[in-house]
Amino acid sequence: MTAEPHLRPRPLDPASLAVLSLPMHDARVRPLLDELAVEYDTRYGDLFGRSAAAEELNRYPAAEFEEPHGALLIIQEDGESIAGGAFRRYDETTAELKRIWTHSAHRRRGLARLVLAELEALAAARGYTRLYLTTGPRQPEAKHLYLSTGYQAQFDLDADPESIGPLAFTKELTTAPKD
């Protein structure tokens, strides 16, 4: 049985996409932060309280996501912010991915994979050789995304995610050979 035509995600048109590197205070980042707050409150509000999303989103200073050690990327389609993510320095060789997000109206279009690929390439270009990230135990689609894109779980995959807390992943970055 195939999905109804009106329910199928619209395919990505690379010509309509722009990848922007922006500071946290840029207005084009606001949709990412606003929707992440709703997502976190919806999934974790009963566990951590309704103010926990705002606390998590403000845990790190904005400067940690700026050059030379960090980045915040937004993908826009026809001028609308539809996906994004960031990284910050975790240690000398490791970047920590944060705030991986796809707008709820644009999910299942491959945008999260595109965000990961862009962040990975930029982190490698900045000299990082390893990535680290955590996702919440109530985000099975994120867990699947990371496992399917080469990230290694740093926890027991057979354990109940709720018993683990944040689910940690790592990935070694490969650098292109030099001519």
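In which helix does E39 lie?

Guide: E39 lies in helix α1; helices (DSSP runs of H or I, at least four residues) and strands (runs of E, at least two) are numbered from the N terminus. Before going on, please keep in mind that this is a predicted model, in which local features need pLDDT of at least 70, side-chain atom pairs count only at pLDDT 80 or more, and totals for chains, interfaces and linings use all residues. Residues are numbered from 1 along each chain as its sequence is written, and side-chain values use heavy atoms, with hydrogens and water left out.

Confidence is lowest in helix α2 (residues 52-57), with a mean of 70, and highest in strand β6 (residues 152-153), at 98.

Back to E39. With 17% relative accessibility, E39 counts as buried (under 20% relative accessible area; exposed is over 50%, partly exposed in between, with a 1.4 Å probe and protein chains only). From C-alpha to C-alpha, E39 is 9.4 Å from S104 in space, although 65 residues separate the two in sequence.

D34 and R30 form a salt bridge whose closest N and O atoms are 2.9 Å apart; the term means a side-chain nitrogen of Lys or Arg within 4 Å of a carboxyl oxygen of Asp or Glu. Both ends are partly exposed, D34 at 40% relative accessibility and R30 at 44%. By this rule the count comes to 13 salt bridges.

E92 and R89 meet at 2.6 Å, N to O; here E92 is exposed at 64% and R89 is partly exposed at 29%. K171 and E120 form a salt bridge at 3.2 Å between the closest N and O atoms. That pair links distant parts of the chain, K171 in strand β7 (residues 167-172) and E120 in helix α3 (residues 111-125), 51 residues apart. Both K171 and E120 are buried. Elsewhere, salt bridges that share partners join E64, R88, E96 and K98 into one network.

Strand β7 leads us to the sheet. Seven strands form an open sheet in the order β1-β2-β3-β4-β5-β7-β6, with mixed pairing, where strands pair if DSSP finds at least two bridges between them. The edge strands, each pairing on one side only, are β1 (17-21) and β6. β6 pairs with β7 in the antiparallel sense over two bridges, and A153 has F169 in β7 as its bridge partner.

Helix α3 packs on this sheet, touching β1, β2 (71-77), β3 (80-91), β4 (94-102), β5 (130-135) and β7; contact means heavy atoms within 4.5 Å. Its buried residues are L111, V115, L116, L119, E120 and A123, and the buried residues of α3 pack against β2, β3, β4, β5, α4 (140-148) and β7. Just after α3, G127 takes a positive phi of about 100°.

Methods:
pLDDT is the predictor's confidence in each residue, from 0 to 100. Axes are lines fitted to C-alpha atoms, for helices over the stretch in contact, and angles run from 0 to 180 degrees between N-to-C directions.
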